[in-house]
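Here is a short briefing on one protein chain. Keep the sequence and the 3D view open as you read.

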Amino acid sequence: MYYDLIWIGTQPIIDGNHSHNTNTRLFNYAFGTSKSEKEIKSCIKNHGIKCGRVTGSINKGKLRLFTREQFEWVEENYKQLSLPQLTVAFNLKFGTERTEKQMRSFTSNHGIKSGRTGRFEKGSDSWNKGMKGWQAGGNAKKTQFKKGSIPLNNRPVGSERVNVDGYIEIKVSDPNKWRLKHRVVWEQYNQQIQPGQMIWFRDNDPKNCSIDNLMLVTRAQHAVVNKLGLQCATQDLKETAVLLADITMAATRRKNSRCGPS
């Protein structure tokens, strides 16, 4: 029943190539009715009639706010002018009041390209070629750092500080090389600390870097002591905690050797 309203003979009245406004006028002309565009639109939607067009295809290529002459002018001049410059020049030439946003949308919607990439092309010179550098005016140059100047917050070699973990660090060389103090003190009296070794504080105070308060252990011993819950052992029990760690590791190795392949 509905499709009889869409066709007269073999000629379509509601056509997928027409807009709703055009279809409404054609329908009313064919049937002598006064249907509104809203009614026709609802009829098409309710009965699932598809136009088959790609969105925007009706107005594709059509100019609304711009004339063909203006289109061609923009297409030609956008290659030499930036968008703000193009907007000003366009309004001066055609006596319009187009905004930069309108010009941006127009060039984008109609695929008008400037041809610029925004990248330096091979062989091109930078804007500051040959310039030594920016210099502030007035007395600014008098207060600039000179080569070899030492900043006011410079710390001499041997200075100490406490890091975020609570350990003391000592500056060992310029310009800004720092090491943990307890490691430096240990190596002053003993051999260099090897990978897999670490320093304990006998009284558990990381700020007491006296050589008598330092104790060398392996990281394996340290891990087992922590596992046994003896990491906070008092000074007189530190050696015992390490001994227990060695016994535990030896027992583990013996057990593993027995469980190995026969």
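**The loop between E6 and E7**

Asn-204 sits in the loop between E6 and E7. Helices (H or I, at least four residues) and strands (E, at least two) are DSSP runs, numbered from the N terminus. This is a predicted model: local features need pLDDT of at least 70, side-chain atom pairs count only at pLDDT 80 or more, and totals for chains, interfaces and linings use all residues. Residues are numbered from 1 along each chain as its sequence is written, and side-chain values use heavy atoms, with hydrogens and water left out.

**More on this loop**

- Asn-204 has a positive phi of about 65°, although it is not a glycine.
- Asn-204 counts as partly exposed because its relative accessibility is 38%. Buried means under 20% relative accessible area, exposed over 50%, and partly exposed in between (1.4 Å probe, protein chains only).
- Ser-210 is also found in the loop between E6 and E7. Its relative accessibility is 35%, so Ser-210 counts as partly exposed.
- Ser-210 and Trp-186 are 24 residues apart in sequence. In space they are 8.8 Å apart, C-alpha to C-alpha.

**Asn-213**

- Asn-213 lies in the loop between strand E6 (197-201) and strand E7 (214-218).
- Is Asn-213 buried or exposed? Asn-213 counts as buried, because its relative accessibility is 4%.
- The side chains of Asn-213 and Asp-203 are joined by a polar contact of 2.8 Å. A polar contact is a pair of N or O atoms within 3.5 Å; within protein, one must be able to donate a hydrogen and the other to accept it, and residues adjacent in sequence count only if both atoms are side-chain atoms.
- The Asn-213 side chain also reaches the backbone oxygen of Asn-208, at 2.9 Å.
- Leaving out residues up to four places away in sequence, Asn-213 touches Trp-200, Phe-201, Arg-202, Asp-203, Asp-205 and Asn-208. Contact means heavy atoms within 4.5 Å.

**A cis peptide bond**

- The peptide bond from Asp-174 to Pro-175 is cis, with omega near 5°.
- Pro-175 is in the loop between strand E4 (168-173) and strand E5 (177-180).

**Confidence**

- The chain averages a pLDDT of 83, and 87% of the residues score at least 70. pLDDT is the predictor's confidence in each residue, from 0 to 100.
- Over residues 1-11 the pLDDT is below 50. Beyond near neighbours in sequence, this stretch has 20 contacts in the model.
- Where pLDDT is low, the predicted coordinates should not be read in detail.
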